[in-house]
Amino acid sequence: MLGRAANGVYWMTRYLERAENTGRLIDVGFHLALTRGSRERQDEEWRSVLITTGHEQGYLAAHPDISGAQVFNYLLRERENPGSVLSMLESARTNARVVRTSLTNEVWQAINETWMILRDMLSRPVREGNLGEVLSTIRQRASLVRGAMEGSMLRNEVFNFARIGTFIERADNTARILDVKYYVLLPSVAWVGSSLDNVQWDTLLRSVAGNRAFSWLNAGTMDPREIARFLILDGRFPRSLVFCFDKIRSNMAGLAKQYGGETQAHQQLRDAGSRLHDCTIEQIFESGLHEFLRDFIRRTHNIGEAISSDYRFIG
Amino acid sequence: MSSASGSRYDEMLDEDGTIRAAYADFRDWYDGQDISWLKRQDAEAERFFRRIGITFNVYGEDAGEERLIPFDMIPRIITAREWRKLTRGIEQRVRAINAFLQDLYHRQEIVKAGRLPVHFLRDNEAFLTQMIGFTPPGGVYTHIVGIDLVRTGPDEFMVLEDNARTPSGVSYMLENRETMMAMFPELFTKIPVRPVSDYPRRLRRSLQASAPACAGSRPSVAVLTPGIYNSAYFEHAYLADQMGAELVEGSDLRVSNGRVQMRTTEGFQPVDVIYRRVDDNYLDPLSFQPDSVLGVAGIMDVYRAGGVTIANAPGTGIADDKAIYSFMPDIVEFYTGEKPILQNVPTWRCSEPDSLKYVLDNLSELVVKEVHGSGGYGMLIGPTSSKKEIAAFAAKLRARPANYIAQPTLSLSTVPIFTKSGLAPRHVDLRPFVLVSPNGIDITPGGLTRVALKKGSLVVNSSQGGGTKDSWVLDE
């Protein structure tokens with residue numbers, strides 16, 4: 001497989017995953033805006049969406065103030081914003097075109113159609129009235145592409161690079177969402193058990209589509225420590241850090257098997273993985289949740305870089 | 001109707017309006033269909049093409065702009081008898097082209113025999129001195145050829161142009177058929193149409209058979225593309241995918257250890273055969289255009305040392321040059337010892353004073369083309385041009401006569417297209433695709449029919465608003 005093609009497949013799935021996650025974050029911001037009364041609080045939530053997606057500065061450079069419709073339009077369709085859903089889907093599709101021969105027809109058509117549908121939907125500013133439809137289309141299309149990959153691709157190196165891209169991105173996204181909101185999970189004398197806490201926790205779980213699953217597992221009770229354990233260490237939840245790392249590991253093992261050997265990236269992955277697996281949620285809180293997450297994000301980034309150089313993504 | 005030479009030939013209807021035998025079964029079927037259903041299918045076809053991404057980029061427009069070549073769903077039908085004659089003519093012509101190239105880059109017997117003035121080579125950018133004295137692996141110069149044919153009567157097929165560099169359009173031939181089979185499967189159970197779908201396999205076999213001696217028993221093949229902004233990128237990706245070959249860009253390749261190697265996730269691996277869709281000029285910055293980033297530095301040295309096959313060979317453009325075209329009847333005769341089976345369109349070389357005078361005097365009836373142009377750009381179609389346009393063109397012609405050739409305005413045959421108000425005749429041409437390998441010449445039954453969608457128009461180029469049709473060759 002060409003190094004350039006591996007690079008294309010890897011970034012194609014990263015962009016798709018990030019576009020989907022951006023859609024989820026907008027959904028949460030919108031949901032809160034509907035449920036929280038004061039304008040200041042609404043703006044605060046939208047600001048936190050901007051911070052989580054890493055777009056606060058870019059947004060404020062283009063717009064003087066924060067308002068819901070302006071924020072979600074910026075995140076959905078602003079062409080100048082390379083991190084808007086539209087820009088990212090375009091990047092995903094451009095990468096797909098570049099690696100067209102590594103993809104099955106079904107995967108290519110799913111991605112091409114996704115881009116065509118959302119390009120049309122996002123050709124005009126999105127109003128609150130049709131935001132729900134846009135966000136649900138993003139989720140549905142993401143599922144369709146995933147399904148096409150799952151159902152039609154050979155389980156070879158191409159698939160491995162695609163999956164590694166997905167899970168590196170997802171691990172990074174979950175960690176960032178947690179990091180922006182980590183303080184709501186810390187023990188606090190003043191707010192424990194208040195309804196505001198419950199809303200904050202619920203929001204956090206919603207951002208990673210984990211609210212229902214968490215309720216199932218915990219019989220409806222909310223507990224910040226359990227939430228953190230769930231999002232970081234629960235290997236059953238497909239957006240937890242441990243789950244993402246397990247997937248990265250199995251796909252990296254696939255590469256090692258096909259290529260008959262491991263690389264630097266495998267070693268880095270092992271180090272980071274054992275750090276994650278060997279710790280308990282108590283230890284994480286003791287040594288600092290924020291520090292733990294920063295370290296995790298940095299390590300994940302480095303693993304991505306190592307993969308890119310070990311497998312000659314760029315000449 | 002812009003016709004200089006009498007009445008046009010319609011491939012479906014004869015002079016009395018009776019349906020010709022080739023179209024009889026099709027018309028039976030067509031007349032039994034509900035028109036509103038056909039209209040729906042017509043609209044569906046466009047969505048289908050968009051979804052699978054069969055698009056081309058138009059130069060000069062936004063980099064991201066992708067257009068569809070319009071597809072017309074009425075097939076162009078060729079009988080078995082017509083096709084037999086065509087294939088004999090095409091084979092003869094392609095054999096002659098390869099012999100001509102071999103001769104030009106070696107002894108130049110044709111020049112010595114006084115059949116081709118030497119200045120046609122000397123002043124021609126398409127003639128590559130880097131190829132002199134070198135024979136490509138297997139002696140094949142043009143692995144892939146597209147011969148553009150026009151028809152003016154029942155038995156009159158003429159060659160309008162030979163495409164011996166990197167002919168494009170074969171992906172449309174394949175996808176048009178796929179689309180027709182998906183939209184109207186029952187047609188193919190009623191009418192015996194010869195299949196085209198094994199073209200990619202044949203292409204791969206043909207390329208592998210042309211591999212250099214250093215290749216192993218399963219030679220590796222790669223398609224070299226300029227990248228996603230090239231107008232034919234879809235086709236490059238499509239062919240690589242269908243052949244199971246790597247799709248590479250210049251930046252994926254480098255020369256080391258006397259081979260061309262591609263950068264894979266496991267390190268560098270040699271490529272045996274490169275089906276390049278990059279022009280000669282950009283192929284090797286060391287040998288040709290120094291600032292090219294589309295090619296591979298040093299590939300020409302590897303090529304000349306027998307370390308790689310380049311398809312088509314560099315320097316084949318000299319054979320499809322429009323000035324050389326006018327010599328093709330002589331060329332065919334010189335190398336095959338036979339009379340040409342397919343005729344040329346009469347051509348005036350404006351470099352010759354007598355011809356120039358004739359052309360200037362008769363501009364309003366002629367088609368004038370740039371010698372090195374393609375894609376329908378920079379040409380004059382006399383009968384459909386205004387006096388002002390003709391005067392402006394005459395000035396250009398006088399300034400650089402050697403840059404132009406002229407031909408009579410041909411009355412191209414017509415084939416019906418599907419319009420809102422039913423079937424309507426439009427002018428067409430045909431580009432059959434030919435594969436050449438040391439094992440022989442292989443012609444896919446059919447090809448790409450291009451159709452001028454505007455009533456009366458003779459320009460079929462997709463860059464000028466032309467469309468395409470599925471082309472059927474009927475089985476015996």
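Modeller: Let us begin with one bridge in this predicted model: Asp429(B) has Arg450(B), in S22(B), as its bridge partner.

Biologist: What makes S19(B) and strand S22 (residues 448-452) of chain B a pair?

Modeller: Two strands pair if there are at least two bridges between them. S19(B) and S22(B) are joined by 4 bridges, and they run antiparallel. The strands therefore meet the requirement for a pair.

Biologist: How do you know that strand S18 (residues 414-419) of chain B also pairs with S19(B)?

Modeller: There are 6 bridges between S18(B) and S19(B), in the antiparallel sense, and the requirement is at least two. Within this pairing, Pro416(B) is found opposite Pro425(B) of S19(B). A hairpin through 2 residues connects S18(B) to S19(B).

Biologist: Why is strand S19 (residues 422-431) of chain B called largely enclosed?

Modeller: A residue is buried if its relative accessible area is under 20%. In S19(B), 8 of the 10 residues are buried, so the strand is largely enclosed by the rest of the structure.

Biologist: Let us turn to the aromatic rings. How many aromatic pairs are found over all chains?

Modeller: The search of the whole structure finds 28 aromatic pairs. In one of them, the ring centres of Tyr259(A) and Tyr311(A) are 5.7 Å apart, with the planes at 45 degrees.

Biologist: Why is the pair of Tyr259(A) and Tyr311(A) called tilted?

Modeller: Ring centres within 6.5 Å make a pair; planes under 30 degrees apart count as stacked and over 60 as edge-to-face, with the rest as tilted. The centres are 5.7 Å apart and the planes at 45 degrees, so this pair is tilted.

Biologist: What makes this pair a tie between parts of chain A?

Modeller: Tyr259(A) belongs to helix H13 (residues 241-259) of chain A, and Tyr311(A) to the segment after helix H16 (289-310) of chain A, so the pair ties together parts that are 52 residues apart in sequence. Both Tyr259(A) and Tyr311(A) are buried. They belong to one aromatic cluster, whose members include Trp11(A) and Phe161(A).

Biologist: How do you know that the charged end of Arg225(A) sits over the ring of Phe285(A)?

Modeller: The distance must be within 6 Å of the ring centre, and the direction within 35 degrees of the ring normal. The charged end of Arg225(A) is 4.6 Å from the centre of the Phe285(A) ring and is found to sit over that ring. Likewise, Arg119(A) lies over the face of Trp115(A), at 4.4 Å from the ring centre.

Technical notes: Residues numbered from 1 in each chain as written. Chains lettered and ligands numbered in written order. Predicted model: local features only at pLDDT ≥ 70, side-chain atom pairs only at ≥ 80, totals over all residues. Heavy atoms only, no water. Phe/Tyr/Trp six-rings, centres within 6.5 Å; stacked < 30°, edge-to-face > 60°. Buried < 20%, exposed > 50% of the residue type's maximum accessible area, 1.4 Å probe, protein only.
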